[in-house]
Amino acid sequence: MFKTKLIIGAVTLAASAAAITLLLQNNIFSRSFSSVECPAEGDRFCTFTELSDVYEESEDWEIKKRQSPNSRVLVSAIHGGGIEQVTSQLADAVAGKEYSFYTFKGKLSSGNFNNLHISSVNFDEPQALSMANEASVHISIHGAVGETKRTLLGGLNENLRGLISEHLESRGFRVKEAPEHLDGDHPKNIVNQTKSGEGVQLELTRAQRKAFFENGTISYSSRNDATNQTEAFTHYITAIRAALKEYKEKNL
């Protein structure tokens, strides 16, 4: 009888432990794949359809893209133009003629961020999603606040992220792991909507973006004039492209 009770007790404990483990796993799962806030805090719209119902293409916003024969690599700036200044120029330069390029550009005279910003986990513009889905490698370039020149790195592609960090630091740029709200690790983030299910998100502080142009001016006319670009801009682009080249040689 005593032995039977011990066996029953052991089974009960094992079942309890399994239940606790399952509960913990479910909690972890729910944190990792938690429902996405829509619209995100600070955003006006939840979806691209909502935005396009209010604002007119060409007049208020535009999409620029190039589909490279090597569509395995995509460089994007979904908050380009006046939304997060300089990100369109950076993505365009990194992509060059070799990689696919996409940017959604805000063209309002003011209030681009407040009115046209859709968070990366909610950004569902069809052309952007299609290009991301076709790519195996995706670098998404964003702008962040900050008066210290720095790049915050996130996204699920740890290997490419590490290479980008190494190449930027070797050229004198300051790099830091992105904080949780900018880390780009959610599976629904467009940077991770690739064939590989991963990408790299770069968040450049305002100070870093200003350093790419003479006198630190990133107004519309300044950032769209290539003659205003500093050597820092060229060195930055060279670093990202070198990291991409090394990654391709090792992984693609």
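Mentor: We'll take a helix pair, then the cavity. This is a predicted model, where local features need pLDDT of at least 70, side-chain atom pairs count only at pLDDT 80 or more, and totals for chains, interfaces and linings use all residues. Residues are numbered from 1 along each chain as its sequence is written, and side-chain values use heavy atoms, with hydrogens and water left out.

Trainee: At what angle do α3 and α9 cross?
Mentor: Roughly 50 degrees, with the axes coming within 9 Å. Axes are lines fitted to C-alpha atoms over the stretch in contact, and angles run from 0 to 180 degrees between N-to-C directions. Helix α3 covers residues 87–95 and α9 covers residues 231–251. Helices are DSSP runs (H or I, at least four residues), numbered from the N terminus.

Trainee: Which residues of α3 and α9 meet?
Mentor: From α3, Gln89, Leu90, Ala93, Val94 and Ala95; from α9, Phe233, Tyr236, Ile237, Ile240, Arg241 and Leu244. Contact means heavy atoms within 4.5 Å. By class, that contact has nine nonpolar, one polar and one charged residues.

Trainee: New topic. How many cavities of 30 Å³ or more?
Mentor: One. A cavity is a set of points on a 1 Å grid over the protein atoms alone, where a 1.4 Å probe fits but cannot get out.

Trainee: What lines the largest cavity?
Mentor: Leu74, Ser76, Ile78, Tyr102, Ala128, Met131, Ala132, His138 and Ile190. Lining residues have an atom within 4 Å of a point. Elements giving two or more of them are β2 (73–81) and α5 (126–134); strands are DSSP E runs of at least two residues.

Methods
Ala, Val, Leu, Ile, Met, Phe, Trp, Tyr, Cys and Pro count as nonpolar, Asp, Glu, Lys and Arg as charged, and the others, Gly among them, as polar. On a 1 Å grid over the protein atoms alone, a cavity is a set of points where a 1.4 Å probe fits but cannot get out, and a pocket is an open set with protein on both sides within 12 Å along at least five of seven lines; lining residues have an atom within 4 Å of a point. Grid points are joined across faces, edges and corners, and a volume is the space filled by probe spheres set on the points.
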